[in-house]
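The sequence and structure come next.

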Amino acid sequence: MQSLWKSLLGGPNTTETDVLQNIPLFEELSSRELDAIRRLLHRREYVAGESIFVQGEPGLGMYIIERGAVSIQSEPSGRELVELTDGDFFGEIALLNEVIRTATARAKTDCTLLSLFQPDLLGLLDRNSRLGVKVLLALARLVGLRLVEVSDEVEELTRECEKLRAASGDVADTQALSAAPEDADGSRSV
């Protein structure tokens with residue numbers, strides 16, 4: 001009933017506000033600030049299989065999944081890196097810099113996405129610098145956390161590679177030892 005009254009009276013879209021409240025970039029914003037962010041968003045509909053952006057393109061902004069599923073894929077293989085669903089977001093680095101997209105985002109189902117583009121964020125900084133700075137600080141914290149996570153993953157992968165090298169080196173040493181000619185005393189030297 002409440003949504004009926006909001007629809008009839010033209011009140012804020014509860015679904016968008018609810019989605020925004022759960023995005024780390026916006027979780028510390030007041031309802032008034034969330035409403036200001038909501039007015040910057042662009043609602044886009046995608047059909048299953050449609051590309052949202054393609055690896056190698058310049059990034060223009062971030063996307064929030066209001067409804068549906070998006071596959072983040074590595075090109076040219078099309079291998080899925082991750083599947084994102086309702087309430088997830090991606091592409092937020094493009095709010096800071098027009099970096100080249102490092103993966104392709106493709107609608108896995110019919111989707112409704114909310115987009116926030118860099119020019120909209122920069123305009124917010126001009127009009128309401130306090131709110132713009134709050135969003136940028138939250139974005140900086142998020143990027144910092146992700147950098148730590150990636151650093152931890154790289155360190156773990158490095159350790160696994162070293163273990164594999166050591167194991168393959170042991171195998172190679174064993175193979176080299178068995179292929180080496182026997183010395184007069186019956187021992188083998190490599």
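How many aromatic pairs does the structure hold? The structure holds four, where rings of Phe, Tyr and Trp (its six-membered ring) pair if their centres lie within 6.5 Å, and planes under 30 degrees apart count as stacked, over 60 as edge-to-face and the rest as tilted.

## Model and confidence

This is a predicted model, in which local features need pLDDT of at least 70, side-chain atom pairs count only at pLDDT 80 or more, and totals for chains, interfaces and linings use all residues. Residues are numbered from 1 along each chain as its sequence is written, and side-chain values use heavy atoms, with hydrogens and water left out.

The predictor's confidence in each residue, pLDDT, runs from 0 to 100. Its mean over the chain is 86, and 82% of the residues reach 70 or more.

## Elements of the chain

The chain has five helices and eight strands, taken as DSSP runs numbered from the N terminus (helices H or I, at least four residues; strands E, at least two). From the N terminus on, the order is α-α-α-β-β-β-β-β-β-β-β-α-α. Of the contacts with a separation of 6 or more, 69% are between residues 24 or more positions apart.

## The sheet

Four strands form an open sheet in the order S1-S8-S3-S6, with antiparallel pairing; two strands pair if DSSP finds at least two bridges between them. Strand S1 (42-46) and strand S6 (89-90) are at the edges with a single partner strand each, so one side of each has no neighbour in the sheet. S1 and S8 pair over five bridges in the antiparallel sense, and Glu45 has Thr112 in S8 as its bridge partner. Helix H4 packs on the sheet and touches S1, S3 and S8.

## Aromatic pairs

Tyr63 and Phe90 form a stacked pair, 5.5 Å centre to centre with 20° between the planes. Tyr63 is in strand S3 and Phe90 in strand S6, 27 residues apart. The ring centres of Tyr63 and Phe117 are 6.2 Å apart and the planes are at 90°, so this pair is edge-to-face. Phe117 lies in strand S8, so the pair with Tyr63 in strand S3 ties together parts 54 residues apart in sequence.

Tyr63 and Phe90 are buried, as is Phe117; buried means under 20% relative accessible area, exposed over 50%, and partly exposed in between (1.4 Å probe, protein chains only). Ring pairs link Phe53, Tyr63, Phe90 and Phe117 into a cluster.

## Nonpolar cores

A nonpolar core is a set of buried Ala, Val, Leu, Ile, Met, Phe, Trp, Tyr and Cys residues joined through side-chain atoms within 4.5 Å. The largest has 24 residues, with Leu25, Phe26, Ile37 and Ile64 making the most contacts inside it. Elements that give two or more residues to this core include helix H2 (14-21), helix H3 (31-38) and strand S3 (61-67). Helix H5 gives the most, with five residues. Another core, of 15 residues, lies apart from it and includes Tyr46, Phe53, Ile72 and Ala107.

Leaving aside neighbours within four places in sequence, Ile64 is in contact with residues including Val19, Leu20, Phe26, Phe89 and Leu113. Buried residues make up 33% of the 190 residues in the chain.

Methods:
Contact means heavy atoms within 4.5 Å. Axes are lines fitted to C-alpha atoms, for helices over the stretch in contact, and angles run from 0 to 180 degrees between N-to-C directions.
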